[in-house]
Amino acid sequence: MSKREMNWAAIDTDPRFQELHRKKTSFLWGLMLLSTVYYFMLPIGAAYFQDLFKIKVWGVVNVGILFALSEFVVAWTIAFVYSRKANTEFDIMAQAIIADAHKLGV
Amino acid sequence: MKILNTFAFFAATFLASSSAFAAGGAVADEFKWMTFAVFGVIIAITMAITFWAARTTHTTSEFYAAGRSVSGIQNGWAIAGDYLSAASFLGIAGLISLYGFDGFMYSVGWLVAYITVLLVIAEPCRNIGKYTMGDILAFRNDPKKTKVVAALSTITVSTFYLTAQMVGGGVLIKTLIGIDYEISVIGVGLLMLAYVVFGGMKATTWVQITKAVLLVMASLLLVFLVWSPYGFSLPAYLKAVIGDDKVIAQVAKLLGSAAATMSKEELGQRFLEPGLFLKNPIDQISLGMALVLGTAGMPHILMRFFTVPSAQAARTSVIWAMAIIGGFYVLTLFLGTGAAMLVGPAKIAGIDPGGNMAGPLLAQYLGGGANSLLGNFFLAFVAAVAFATIVAVVAGLVLASASAMAHDIYVGVIKGDRASQKEQVVAARVSSLIVGLMAITVGILAKGQNVAHLVALAFAVAASSNLPAVFLTLYWKKCNTTGIIAGMLIGSITAIGLVMISPNMTYPKAVLSAAKKVMEGEPAVEAKAAILGEGLKCELFAVCPKAEPAKPAQAAKPGAPEKKAGLQAKLAIATDAAEKAKIEKDIVGLDKTITKAEDDLKKFAGQTTSMMGLEKPFFLLKNPGLLSIPLGFLCVILFSLVTRDKRAEEMWDELYVRQNTGINAEGANVH
């Protein structure tokens, strides 16, 4: 693929690119914040809420173990949600910009 | 043909040396042939891969990035193979087998780290980068300056990680099959060099995929065998684990005098509750920060995203990697608890105090035990997977360091980006050779050193130096060259500096007093009231009293020689054969403790301070991330704000559009 010279500033200011930027930024920050907060709840819970973690809920299985397992489920869910959004929305928005890229600002 | 001969030479040397020096280790001598046969098969497979890959590795894009022809799914498996080092594969199962819940909790951060990789790093890096982290930073910053700093940081991080892998690998192979430490290190080094030098990224990728597939297969089989007797019910299985006497004895041992008032049932349940291993939550959070942000700054992980054809494929590969890595850690919960129930924590820790042998011993047990053919075949298989793990991870690290040396420093800085394809590939192969030989040397020199903290340090440096630089270059308009250089240097120096004055180092005074306690016993200690700390500052630095919980009174303890004399007296009057055997075993254990204490007393005699001239740690956490990561980010931001860089500003539009759309991204090779 040969490298094409583009008017990058024009693409950057194009409303469609701005829309993609806005949507992506808020979506990514939201997921990132959620995953970080959820992750750090585990060591904090294990250290300061031991009485809660020790409550048995499913035979000998306690809240702590279920919470640790839920960390995996939450991580996978975040990955799934992001990839769906990216595949069905961000990629299509980006495609539209790429298709018009060489026409913008020439 | 010449290449084939060289491979044959490497393989033959390795096998010959292994069989010649094997004595001792977890595998009994009469079953060693089987271990070597399994090792031989795995080495043969990886050599065939390398031979095949070497024939299609001619250009730089082929050498560093496998021609960008690796599919998303393949790359996902390769990332898992690159990431699941012996430390996580054997170490976490071991921690779970010894400490229950805390071991499992420890594994979570290693998966959550991939959220950062997925959301902010993988796709933009694929769209902007070429072969190295330096390429990403050089896009809008001063290319020469940033490439030098990026290469330095890459080599630093990789060397820390590499040293830990080489030393860990050498010890592991010695423990498993009794091959001498030096021979193991040289064997691992030569094999890895063959993959990297001849087959470049393509061979490395497929060795990593092979290893990940073997690892997942082995774990699935073991978990099936462990869990199926309980009808795949989690509560029923865990109930059996915590009802086991070996597990209860381990918990009682960990809790010490506090266990006296607890019932058997309470002790067992305690195995599933937090606090048996991880005692300092602030240190936990500090490590968590290093993992979550450091993985995304690991050069050998970043490099994997240049091997796929597009940003979409990069995304797919992280999703697959997360499924495999996460699934594997869930399996380790069963491997660890299974080993605790069936093999027993005391036996596991007896062979390796860190618990690394939990997985292999469990495999041996499930196959039918130490004297059965199938049991030893299982053990051989797990040992071979462990071996494949080490070479696969080391190959990825060497390739990352070599690319920084050859592509960033030699081609980018010294040659000013004017070098022919052929020159570049030669440079890449020579650099791999240099880095590989360096790794072997460092591995041998570091024999017997405590290197466990080097993995955590590698993640801390990556999180404090690489990640702030890459992240802010990609997402912040005002970021510039001065900010990147200052941030990376200050971030990494702070992380390393804090570790140098942390409890990770050896403090002779503490070692001496511990050895003295072993030899002479301890006087009775009165109960202590809880100390109220004076805030966060006191938890981090030794400048004021740290908060401490109340401690119960402790009776005087006799020294080890005194205990030994007591046992010998007991042995003399013991009549029962089983009782005699038990006492004899205890005496052997005591002898080991005494020898170690005597060695320590001799080794550190007259010394009072650590390498840094400290009597005791000044920085109180084992993980520096809590301070060094924010500092790294802060320095990039501050130095960017106070300086101006025309190129960084002008290139922003191009970078931001390209990282989001993939326009003009490096394409896949068309053959």
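B:Q284 is buried, with a relative accessible area of 15%, where buried means under 20% relative accessible area, exposed over 50% and partly exposed in between (1.4 Å probe, protein chains only). This is a predicted model, in which local features need pLDDT of at least 70, side-chain atom pairs count only at pLDDT 80 or more, and totals for chains, interfaces and linings use all residues. Residues are numbered from 1 along each chain as its sequence is written, chains are lettered from A and ligands numbered from 1 in the order in which they are written, and side-chain values use heavy atoms, with hydrogens and water left out.

- B:Q284 belongs to helix α13 (residues 281–294) of chain B; helices (H or I, at least four residues) are DSSP runs, numbered from the N terminus.
- Apart from neighbours within four places in sequence, B:Q284 is in contact with A:P43 and B:L278, contact meaning heavy atoms within 4.5 Å.
- A:I65, in helix α4 (residues 63–100) of chain A, is buried at 3% relative accessibility, and beyond its neighbours within four places in sequence it contacts B:F101, B:L238 and B:L272.

**Helix α11 of chain B**

- Within α11 (residues 245–255), B:V247, B:I248, B:Q250 and B:V251 are buried.
- These residues lie on the same side of α11(B), because they cover an arc of only 160 degrees around the axis, the arc being that of the directions from the helix axis to the C-beta atoms.
- The buried residues of α11(B) pack against α5 (86–99), α10 (234–242), α12 (264–270), α15 (311–342) and α16 (345–351) of chain B.
- At the N-terminal end, B:D244 caps α11(B), with a side-chain oxygen 2.8 Å from the backbone nitrogen of B:K246.
- B:G256, whose phi is positive, near 65 degrees, follows α11(B).

Methods: Helix = DSSP H or I, 4+ residues; strand = E, 2+ residues; numbered from the N terminus. Polar contact = N/O pair within 3.5 Å; in protein donor to acceptor, adjacent residues only side chain to side chain.
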